[in-house]
Amino acid sequence: MLKGLISFWNNILIRNWEHSFPIIISIFSLLIATRSFNTNRAKIKFIKNIARPYYYVKAGQLILVPENNKKKVLNSFPTGILFHVAVLNFSPKDVAYFNIHCEIDKDFQEIYTMKSFGYFAEKDKIVIFRQSSSQIGEIPIPNEPQGKFEANSLTPLYGFVRLDDYLGKKKLPKKVTFKISYALKKWYLPFRLYSTKRIIVKGPVFNSWLIEQQQLMKQLKKEEKTPGNSRKTPPYSKKRRRNKK
């Protein structure tokens, strides 16, 4: 049957060669154009096999230090969540641009960037993540919340969002959403000019961690209010009153 089908098409092509040749050329041109389009169009891929997409961060685990003096702490990050993604742009074109931000329930929340610490005099600053006594490393947080994925490159993105302001409230957040919006269309959404990658943190583990941090914060505030930690009467005040007599 297959031989008969091949013979049938060979007879058609041979008998109608003059009419078939332009059609064959057009088909090959279409295939070449399609391949060229797929090769040159901007394409990115979010790496899925990274260790963890986010980390629960206690106050003081993330610190800002000068690059030339890592023992000098310029700033200590509060309690929050550190998000981590890796983006591979395997196309010959830059993807410009992308924007990263965060939503806590329905509240918009900006992430920390190096511009957040522009008021420090030190020019070259880095962020250190002290995950444990044996796991300490540098975290390349972005200079600003927007940028571009350069052609033929792998871009690691870290975004920190603080949650300490919510720990003092009666109602704790139920969900934290990290969003990366980038200027690439999806074929099934041709009228949308951008796409969005989301990392959502919610559930019982998140809720338990928030309650634990809230209780810790209450305990620290209680200790600050104890008489032994009171600073209302400095040790030199009695001496001054005696001199007045």
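This is a predicted model: local features need pLDDT of at least 70, side-chain atom pairs count only at pLDDT 80 or more; totals for chains, interfaces and linings use all residues.
A pair of aromatic rings is described by the distance of the centres and the angle of the planes. In the model, 13 aromatic pairs were counted. One of these joins Phe 77 and Tyr 112 in a tilted arrangement, with 5.0 Å from centre to centre and 40 degrees between the planes. Phe 77 belongs to the loop between strands S4 and S5, and Tyr 112 to the loop between strands S7 and S8, so the pair ties together parts that are 35 residues apart in sequence. Tyr 112 also pairs with Phe 160, here edge-to-face, at 5.1 Å centre to centre and 80 degrees between the planes. Because Phe 160 lies in strand S11, this pair links parts that are 48 residues apart in sequence. Phe 77 and Tyr 112 are both buried, and Phe 160 is buried as well.

Elsewhere, one aromatic cluster is formed by Tyr 54, Tyr 56, Phe 83, Phe 178, Phe 206 and Trp 209. The ring of Phe 46 has the charged end of Lys 197 over it, 5.5 Å from the ring centre.

The largest nonpolar core comprises 32 residues, of which Ile 81, Phe 83, Phe 149, Val 176 and Ile 180 touch the most other members. Elements giving two or more residues to this core include strands S1, S5 and S12 and helices H3 and H4. Strand S6 provides the largest share, five residues. Apart from this core lies another, of 17 residues, including Leu 62, Leu 64, Phe 117 and Val 127. Beyond its neighbours within four places in sequence, Phe 149 is in contact with residues including Ile 44, Val 87, Phe 98, Leu 157 and Ile 180.

How values were computed:
Residues are numbered from 1 along each chain as its sequence is written. Side-chain values use heavy atoms; hydrogens and water are left out. Rings of Phe, Tyr and Trp (its six-membered ring) pair if their centres lie within 6.5 Å; planes under 30 degrees apart count as stacked, over 60 as edge-to-face and the rest as tilted. Helices (H or I, at least four residues) and strands (E, at least two) are DSSP runs, numbered from the N terminus. Buried means under 20% relative accessible area, exposed over 50%, partly exposed in between (1.4 Å probe, protein chains only). A charge sits over a ring if NZ of Lys or CZ of Arg is within 6 Å of the ring centre and within 35 degrees of the ring normal. A nonpolar core is a set of buried Ala, Val, Leu, Ile, Met, Phe, Trp, Tyr and Cys residues joined through side-chain atoms within 4.5 Å. Contact means heavy atoms within 4.5 Å.
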